[in-house]
Amino acid sequence: MRMRGDRLRALAGAALAVGVAVACGGPAGGGGTAAPTATGVTSSTPAATPRFDEEIELSDGRRVGMAYVAGRGLVERHRDADSTAWSAPNVVYATATDRCQSLTLKEFDGTVAVIADWGVYCYDGEPPTESIAAVGTTDLARWDTNLTRSFDGWTKVTAEGGGDSRRLLFTRGSTESLTRLGWTRSGGFAEVEEIPR
């Protein structure tokens, strides 16, 4: 009887150990390499497609994806039209603050504009404490960013003009005023403007 009880306990322990390994996401076959994704989650397949909070296809076929990554900030990856390989993760804005709900990516003839916000309890509806306007051009290896603190966040981005003289406008309106931030390829970000209505 004692031998049978010991054997049952051993089998139960082995079954529990297998259950823990599966629940923790260990590879079924054991071993292997894991490829990081944009969100820091690993996958057992090296060519795993990253998960993004927002992703767009540009007019030339390239793709750009961005994710809020806890403890890191805003992370960007992109890929060429004729490739399935994504670029290495690029931190566009570093912060450990909690993410907000929305993330906006918009293209203007190859130029990518981004609106992203962070703040304590912001995901649950509290106003952001960090608002980023970002612009990526050409090969998207470099991003211009503008941080506005303790601000309700940009609501939209539009373009004026075309070519090298194009100006992007990040805006937020209220009943009293229009808050506006301009960006140009030659001058980068300007100062934030408050325009009374």
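This is a predicted model: local features need pLDDT of at least 70, side-chain atom pairs count only at pLDDT 80 or more; totals for chains, interfaces and linings use all residues.

**Entry 1: charged pairs**

R167 has a relative accessible area of 26%, so I logged it as partly exposed. Next I looked for its partner. R167 forms a salt bridge with E160, and the closest N and O atoms are 3.5 Å apart. E160 comes out at 39% relative accessible area and is therefore partly exposed as well.

I then asked how many salt bridges the rule gives. The count is 8.

I checked R63 next. The side chains of R63 and E57 meet in a salt bridge at 3.2 Å, N to O. E57 counts as exposed because its relative accessibility is 51% and the cut-off for exposed is over 50%. Salt bridges join E55, E57 and R63 into one network.

Then I turned to R166. Its side chain meets that of D109 in a salt bridge, 2.6 Å from N to O. I noted where the two sit. R166 is in the loop between strand 11 and strand 12, while D109 is in the loop between strand 7 (99-108) and strand 8. They are 57 residues apart, and the pair links distant parts of the chain.

Is R166 buried or exposed? I read a relative accessible area of 12% for R166, so it is buried. D109 has 61%, so I put it down as exposed.

**Entry 2**

Strand 11 (residues 156-160) and strand 12 (residues 167-173) run antiparallel, joined by 5 bridges. V157 stands opposite F170 in strand 12. The two strands form a hairpin with 6 residues between them. I looked at the turn: G161 has a positive phi of about 75° there.

Strand 12 also pairs with strand 13 (residues 177-184), in the antiparallel sense, over 7 bridges. I picked out T171 and found its bridge partner, R180, in strand 13. How many residues lie between strand 12 and strand 13 in their hairpin? I found 3.

The order is 3-4-5-6, with antiparallel pairing. Which strands are at the edges? Strand 3 (54-57) and strand 6 (90-94) are, each pairing on one side only. I also took the angle: neighbouring strands in this sheet are turned by 20° against each other on average, direction ignored.

Inside the sheet I looked at one pairing. Strand 4 (residues 63-69) and strand 5 (residues 73-79) run antiparallel and are joined by 7 bridges. I found R77 in strand 5 as the bridge partner of G65.

**Entry 2: aromatic rings**

Last, I looked up the rings. The structure holds 5 aromatic pairs. One pair I examined is Y93 with W118. The ring centres are 5.0 Å apart and the planes stand at 50°, so I logged the pair as tilted. Y93 belongs to strand 6 and W118 to strand 8 (residues 111-118). The two are 25 residues apart, and the pair links distant parts of the chain.

Which residues make up their aromatic cluster? I noted Y68, Y93 and W118 as one cluster.

Methods
Residues are numbered from 1 along each chain as its sequence is written. Side-chain values use heavy atoms; hydrogens and water are left out. Two strands pair if DSSP finds at least two bridges between them. Helices (H or I, at least four residues) and strands (E, at least two) are DSSP runs, numbered from the N terminus. Axes are lines fitted to C-alpha atoms, for helices over the stretch in contact, and angles run from 0 to 180 degrees between N-to-C directions. Rings of Phe, Tyr and Trp (its six-membered ring) pair if their centres lie within 6.5 Å; planes under 30 degrees apart count as stacked, over 60 as edge-to-face and the rest as tilted. A salt bridge is a side-chain nitrogen of Lys or Arg within 4 Å of a carboxyl oxygen of Asp or Glu. Buried means under 20% relative accessible area, exposed over 50%, partly exposed in between (1.4 Å probe, protein chains only).
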